[in-house]
Amino acid sequence: MDTKAALKKYSWLEEYRWKLVSKDKDEFTKKVAEDYSGGYFMHILPGAEISFPLQSCLMITEKNLEQRVHNIIIAEEGSKAHIITSCVQHSSVPKAAHLGISEIYVKNNAMLNFTMIHQWSEDTLVRPRSATQVDDRATFVSNYVCMRPVRDVQMYPVAYCNGEDSRVSFNSILYGQKNSQLDIGSKAVLSGKGSKAEMVSRAIAREGSKMIIRGMIEGNNSECKGHLECRGLLMDDESLMQSIPELIARKKGVEITHEAAVGKISEKEITYLMTRRLSRDQAVSLIIRGFMDVSILGLPEALNAEIKNIVNTSANAE
Amino acid sequence: MEMLEVKDLSVKVEGKLILKDMNFSLKEGVSHILFGPNGSGKTTLISTLMGLPGYEVVSGKILFRGIDITNKGVDERAKLGMIVSFQNPPEITGVKLGDLLKLCLSKGETDEFSTEETKRIEAFRLTSFLNRDTNVGFSGGERKRSEILQLIFLKPKLLLLDEPDSGVDVESLRMIAIEIQNYIESSGSSALIITHKGDILEYVKAEYGCILLEGQFHCFTDPMRIYDDIKRVGYEECVACRRRKPEGWKTEQTK
């Protein structure tokens, strides 16, 4: 339901608002704090299992609109859910901005798989600000898929793994084209005993797009583990791909690692596929589609197929 | 008609002349075994025939079933019916072996394998690999099995096999070799097989063998005899002895 309506109905909800994201974080959070148009509130009740995805959709239909939303998701103890949010823009709306605050709570033993698919227009400014709290033995999977050109996205969601044996994974599939500027990162703060973080990014940059892929894992507990992986493909000389992994260890038992590889498609792989009767273009397209491997998102079969479809359509459209 | 004719072929790799004025031809429906020490140019020859990048033809011509393919692309040669199995195929992250096999069979991504095809995959012990990225984390033997299965699914007229038997356990070798022989026999295709070992000769029926040394072919004769001689006296000695006919496969085959 709408966040504004939910706040009226449930007085306790106020306690979850502006708790994970600070109002004063930056100019964008300040703007949303001043005034916002709404957003969604999702409450997954204790023990509930939602095998069908919850769909939420934010759509911009007016020109020059600066959409400001505040979303709150609470996954109660022992619940299990897949949420897919698509943010889209009506094709007749060329210029807009989207400022979105999301605060997500994953309580004890809960599992939340949150997939965000962005399809903006070429002239949109996007500034999501999200934070998640992960409690004891809870799992939070955050997926981000961005396949269409966009003017400028900058986001850096944070997960606080405070709970014992809490888990977070951040996965992103990014396709930068037509001068898109993407500065995408994620941060995991591992404070709980036995907490774990995994970050996987696959990025393709072409047609003058500039992509910065960040990732930070902060280990504050001697029994935490984290791994960060970034693979980027650069398709031309006009684009830029920058990988910035950061690992911070504050306790001596902390085990965090990263691997990053940025470069062009291997000529050897293309040739190999050509010996299997594929043309050069077919080979490149197959490698790109494979590179954008949606199975990293950990989605159920049906959703996997759907997202694979979106990714393939975009990759083939070139 | 010859399956393949090579005329005065010289090839450079990174500016260095590796193959010098080679002349030979391969007949239809015949398997040929190519021996040679490491670095003698065997892989260069197969790579050049297939048109892989990095192998520069400085002179000469390659004709495949009468068509001049010297300047044709890799995919064009593959479509004409030449298929290579690599000694060290690359890992292709994200491209599932199952999808690649479907492409080899000209199937769409959503098409299913036929019962016959499923059995074949099972026989190659690759069923559990269908959902895995091609060659990623495959052992030597698994890679070879995957290469040969792709090749059989592609139904080539000419098989270019670069050491199909290296790094393969005895049981897999037997299976691979029998499958290759069955395919060659049933399809009437030709093969050029690079090997270091004689084991494969127990299953693949090849009448012709030769040694590639210093960019030239030597000793055209029964591959088993060549293999025995190499084991006994080594490549150099084997080539130095000129008891055998030096004319080449072409004359041997036409006599």
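Which residue of strand 5 of chain B is the bridge partner of B:Leu63? The legends below, which describe a predicted model, begin with that pairing.

**View 1. The hairpin of strand 4 and strand 5 in chain B.** The bridge partner of B:Leu63 in strand 5 of chain B is B:Asp68. Strand 4 of chain B and strand 5 (residues 67-68) of chain B run antiparallel and are joined by 2 bridges, and the hairpin that they form has 2 residues between the strands. One residue in the turn, B:Arg65, has a positive phi of about 45 degrees, although B:Arg65 is not a glycine. With 16 other C-beta atoms within 10 Å, B:Arg65 is partly exposed. Most residues other than glycine have a negative phi.

**View 2. Strand 4 of chain B beside strand 1.** Strand 4 (residues 55-64) of chain B is also joined by 8 bridges to strand 1 (residues 4-13) of chain B, and these two strands run antiparallel. Within this pairing, B:Val6 has B:Ile62 of strand 4 as its bridge partner.

**View 3. B:Asp21 in strand 2 of chain B.** B:Asp21, which belongs to strand 2 (residues 16-26) of chain B, has a positive phi of about 40 degrees although it is not a glycine. B:Asp21 counts as exposed, because it has 12 C-beta neighbours inside 10 Å.

**View 4. The contact between chain A and chain B.** Chain A contributes 17 residues to this contact and chain B contributes 20 residues. On the side of chain B that touches chain A, at least two residues come from each of helix 2 (74-80), strand 6 (82-85), strand 7 (92-96), helix 3 (97-104) and helix 5 (140-154) of chain B. By class, the residues on this side of chain B are 15 nonpolar, 3 polar and 2 charged.

**View 5. The two domains of chain A.** The domain assignment divides chain A into domain 1 (3-265) and domain 2 (266-318), and the centres of these domains, taken over C-alpha atoms, are separated by 24 Å. In the contact between them, 19 residues of domain 1 of chain A meet 20 residues of domain 2 of chain A. Strand 4 (80-89), strand 6 (111-119), strand 8 (139-146), strand 11 (167-176) and strand 14 (196-205) of chain A are the elements that give two or more residues to the domain 1 side of this contact. That side of domain 1 of chain A has 12 nonpolar, 5 polar and 2 charged residues.

**View 6. The largest nonpolar core and another core apart from it.** The largest nonpolar core has 151 residues, and those with the most contacts inside it are A:Val106, A:Cys146, A:Cys161 and B:Leu160. Domain 1 (3-265) and domain 2 (266-318) of chain A each provide at least three residues to this core. Leaving aside neighbours within four places in sequence, B:Leu160 is in contact with B:Ile46, B:Leu49, B:Met50, B:Met82, B:Ile83, B:Val84 and B:Leu192. Another core, of 6 residues, lies apart from the largest one and includes A:Val32, A:Ala96, A:Ala97 and A:Leu99.

**View 7. The buried and exposed sides of helix 2 in chain A.** In helix 2 (residues 27-34) of chain A, the residues A:Phe28, A:Thr29 and A:Val32 are buried. Seen down the axis of helix 2 of chain A, the buried residues fall within an arc of 100 degrees, so they line one face of the helix. A:Glu27 and A:Glu34 are exposed on the other side of helix 2 of chain A.

Methods:
Residues are numbered from 1 along each chain as its sequence is written. Chains are lettered from A and ligands numbered from 1 in the order in which they are written. This is a predicted model: local features need pLDDT of at least 70, side-chain atom pairs count only at pLDDT 80 or more; totals for chains, interfaces and linings use all residues. Two residues are in contact if their C-beta atoms, placed from the backbone, lie within 7 Å. Helices (H or I, at least four residues) and strands (E, at least two) are DSSP runs, numbered from the N terminus. Ala, Val, Leu, Ile, Met, Phe, Trp, Tyr, Cys and Pro count as nonpolar, Asp, Glu, Lys and Arg as charged, and the others, Gly among them, as polar. Domain bounds come from an automatic or database domain assignment. A residue is buried if 20 or more other C-beta atoms lie within 10 Å of its own, exposed if 12 or fewer, and partly exposed in between; C-beta atoms are placed from the backbone. The arc is that of the directions from the helix axis to the C-beta atoms. Two strands pair if DSSP finds at least two bridges between them. A nonpolar core is a set of buried Ala, Val, Leu, Ile, Met, Phe, Trp, Tyr and Cys residues joined through C-beta atoms within 7 Å.
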